[in-house]
Amino acid sequence: MIEALKRHYGYLFEDELLQDINQCGLFKSVPEGFTLMDIGQTISHMPLLISGALKILREDECGNELLLYFIEQGDTCTMSISCCMGNSKSEIRAIAETPATLIMIPVEKMGAWMGKYKSWQNFILQSYHERTVELLESIDSIAFLKMDERLLKYLKDKAMVNHNEMITVTHQDIAQDLHTSRVVISRLLKKLENDGKLKLYRNQIHLIDL
């Protein structure tokens with residue numbers, strides 16, 4: 001685990017902190033679709049993403065989901081941090097967008113490292129900033145973009161975190177992430193295909209205008 005830490009976080013953290021993470025962290029490998037964190041769950045560990053990607057979702061009272069943002073290699077989830085620090089239950093659902101490897105940091109280390117390591121403090125504050133920007137982008141997308149624009153942005157974000165212009169996803173999955181109906185998504189995807197922005201296949205979408 002120490003080699004993975006040095007490779008992905010060595011430019012951020014000093015050796016002493018890397019050794020602390022190696023000693024107390026829990027290495028975890030999860031498959032695509034695995035629910036790493038769920039709404040209402042008491043959070044005991046904070047994830048540091050080594051490889052792969054996660055998608056962070058909210059849920060309404062009827063059980064409908066809405067995608068907030070993606071987390072990539074070298075990132076962590078601000079909402080899990082705030083829950084850890086406040087000793088509260090999770091308000092988000094974190095699902096593996098791709099197969100992923102993570103190091104889970106015990107909650108009790110969070111506050112201690114904030115005071116002990118300047119690099120850790122900077123990392124947490126920068127993570128807050130980046131996730132806040134992404135949340136604002138999500139709000140702007142919902143408030144100001146038409147559904148076809150939201151759909152294209154979603155597909156581009158998904159292609160970026162998967163590092164692949166060919167996206168494997170069903171129309172129903174997209175509808176759930178964007179909190180709309182499958183019929184609407186299918187109609188808009190066909191329109192985008194006619195506009196030359198993508199090519200549709202069975203359960204796959206090839207982004208042309210990336």
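**Aromatic cluster, cores and domains**

Modeller: Tyr9, Phe13, Trp113, Trp120 and Phe123 make up one aromatic cluster. Rings of Phe, Tyr and Trp (its six-membered ring) pair if their centres lie within 6.5 Å; planes under 30 degrees apart are stacked, over 60 edge-to-face, the rest tilted. This is a predicted model, where local features need pLDDT of at least 70 and side-chain atom pairs count only at pLDDT 80 or more, while totals for chains, interfaces and linings use all residues. Residues are numbered from 1 along each chain as its sequence is written, and side-chain values use heavy atoms, with hydrogens and water left out.

Colleague: How many aromatic pairs does the structure hold?

Modeller: It holds 6. One of them, Tyr9 with Phe123, is edge-to-face, at 6.0 Å centre to centre and 90° between the planes.

Colleague: Which parts does that pair tie together?

Modeller: Tyr9 is in helix α1 (residues 2-9) and Phe123 in helix α5 (residues 118-144), so the pair links parts 114 residues apart in sequence. Helices (H or I, at least four residues) and strands (E, at least two) are DSSP runs, numbered from the N terminus.

Colleague: Are Tyr9 and Phe123 buried or exposed?

Modeller: Both are buried. Buried means under 20% relative accessible area, exposed over 50%, partly exposed in between (1.4 Å probe, protein chains only). Phe123 has 7% relative accessibility.

Colleague: And Trp120 with Phe123, how far apart are the ring centres?

Modeller: The centres are 5.8 Å apart and the planes at 45°, so this pair is tilted. Both residues lie in helix α5, 3 residues apart, about one turn of the helix. Trp120 is buried, at 0% relative accessibility.

Colleague: Which charged end sits over the ring of Tyr69?

Modeller: That of Arg131, 5.9 Å from the ring centre. The test is NZ of Lys or CZ of Arg within 6 Å of the ring centre and within 35 degrees of the ring normal.

Colleague: New topic. Which residues touch the most other members in the largest nonpolar core?

Modeller: Leu151, Leu155, Ile174, Leu189, Leu198 and Ile205, out of 24 residues. A nonpolar core is a set of buried Ala, Val, Leu, Ile, Met, Phe, Trp, Tyr and Cys residues joined through side-chain atoms within 4.5 Å. Helix α6 gives the most to this core, with 6 residues.

Colleague: Which domains does this core draw on?

Modeller: It takes at least three residues from each of domain 1 (1-143) and domain 2 (147-207). Those bounds come from an automatic or database domain assignment. Apart from this core lies another, of 19 residues, among them Ile2, Leu5, Phe13 and Tyr117.

Colleague: How many residues of domain 1 are in contact with domain 2?

Modeller: 15, against 13 residues of domain 2. The domain centres, taken over C-alpha atoms, are 26 Å apart. About 1,200 Å² is buried between the domains, and carbon and sulfur atoms give 52% of it. Buried area is the accessible area (1.4 Å probe) that two parts lose on being put together, summed over both.

Colleague: Last one. Where is Glu59?

Modeller: In strand β4 (residues 54-59). Glu59 is partly exposed, at 33% relative accessible area. Glu59 and Arg93 are 34 residues apart in sequence and 8.1 Å apart in space, C-alpha to C-alpha.

Key: Contact means heavy atoms within 4.5 Å.
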